[in-house]
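Here is a short briefing on a predicted model. It covers strand pairing first, then aromatic contacts.

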Amino acid sequence: DRRLWSFENPLRQFGSLSHEIQLKLKSMRLTVDKLRDSRAEDIGQMIRHVRMGGTVKRCVDQLPYIGLAASIQPITRTVLRVRLTIEPLFDWNDRVHGSTAEPWWIWVEDAENDHMYYSEYLLLPRKQVLEKESQTLVFTIPIFEPLPPQYIVRAVSDRWIGAEATAAISFQHLILPER
């Protein structure tokens, strides 16, 4: 069971990290993003436990993480086609993730107007993650004039706390069809 407060380090969801290591990660305010960009040796030195650097790095690499890239194409003045590419950027481990798929919620929101225009429940299958294969979603969303500066695409894991990704859909250079 992965219960923790939203302000806690997401690595607390891994049972392979001792309480001592969890406390060091918390006291040093080491975020998952900073750890993801570090080597195992550097992590070991940061937490002052060189042998655990590899274990922490392995946990960071196994925490579900995806890359999002969105492209848009106007269909009419009020409807956009969105092509969203989802790339798994984590290492699959059957003992951690199970043997089937990792579930995600994907949605498009207008943060300025507090409105959600699209949502979908997505499964990233084990095979796709192991092969680092991208998945593409194509969908339509409404747009309204005057155009907001951007919509936000958000992906949140249905199983893992702290496993999230965002991408902006900018309307700054969007050319709409004639009326």
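Two strands count as paired if DSSP finds at least two bridges between them. Strand β3 (residues 101-110) and β4 run antiparallel and are joined by ten bridges. The model is predicted, and it holds eight aromatic pairs.

**Sheet**
- Four strands make up an open sheet, ordered β4-β3-β6-β7, with antiparallel pairing.
- Its edges are β4 (115-125) and β7 (164-170), each of which pairs on one side only.
- Neighbouring strands of this sheet are turned by 20° against each other on average, direction ignored.
- I106 has E120 in β4 as its bridge partner.

**F14 and W160**
- The ring centres of F14 and W160 are 5.3 Å apart, with the planes at 35°, so this aromatic pair is tilted.
- F14 sits in the segment before α1 (19-27) and W160 in the loop between β6 (150-157) and β7, so the pair ties together parts 146 residues apart in sequence.
- F14 is buried, at 5% relative accessible area.
- W160 is buried too, at 2% relative accessibility.

**Y118 and F139**
- Y118 and F139 form a stacked aromatic pair, 3.8 Å centre to centre with 5° between the planes.
- Y118 belongs to strand β4 and F139 to strand β5 (residues 135-142), so the pair ties together parts 21 residues apart in sequence.
- Both Y118 and F139 are buried.

**Other ring contacts**
- Y117, F144, Y151 and F171 are linked into a cluster by ring pairs.
- R36 places its charged end over the ring of Y65, 3.8 Å from the ring centre.

Technical notes. Residues are numbered from 1 along each chain as its sequence is written. This is a predicted model: local features need pLDDT of at least 70, side-chain atom pairs count only at pLDDT 80 or more; totals for chains, interfaces and linings use all residues. Side-chain values use heavy atoms; hydrogens and water are left out. Helices (H or I, at least four residues) and strands (E, at least two) are DSSP runs, numbered from the N terminus. Axes are lines fitted to C-alpha atoms, for helices over the stretch in contact, and angles run from 0 to 180 degrees between N-to-C directions. Rings of Phe, Tyr and Trp (its six-membered ring) pair if their centres lie within 6.5 Å; planes under 30 degrees apart count as stacked, over 60 as edge-to-face and the rest as tilted. Buried means under 20% relative accessible area, exposed over 50%, partly exposed in between (1.4 Å probe, protein chains only). A charge sits over a ring if NZ of Lys or CZ of Arg is within 6 Å of the ring centre and within 35 degrees of the ring normal.
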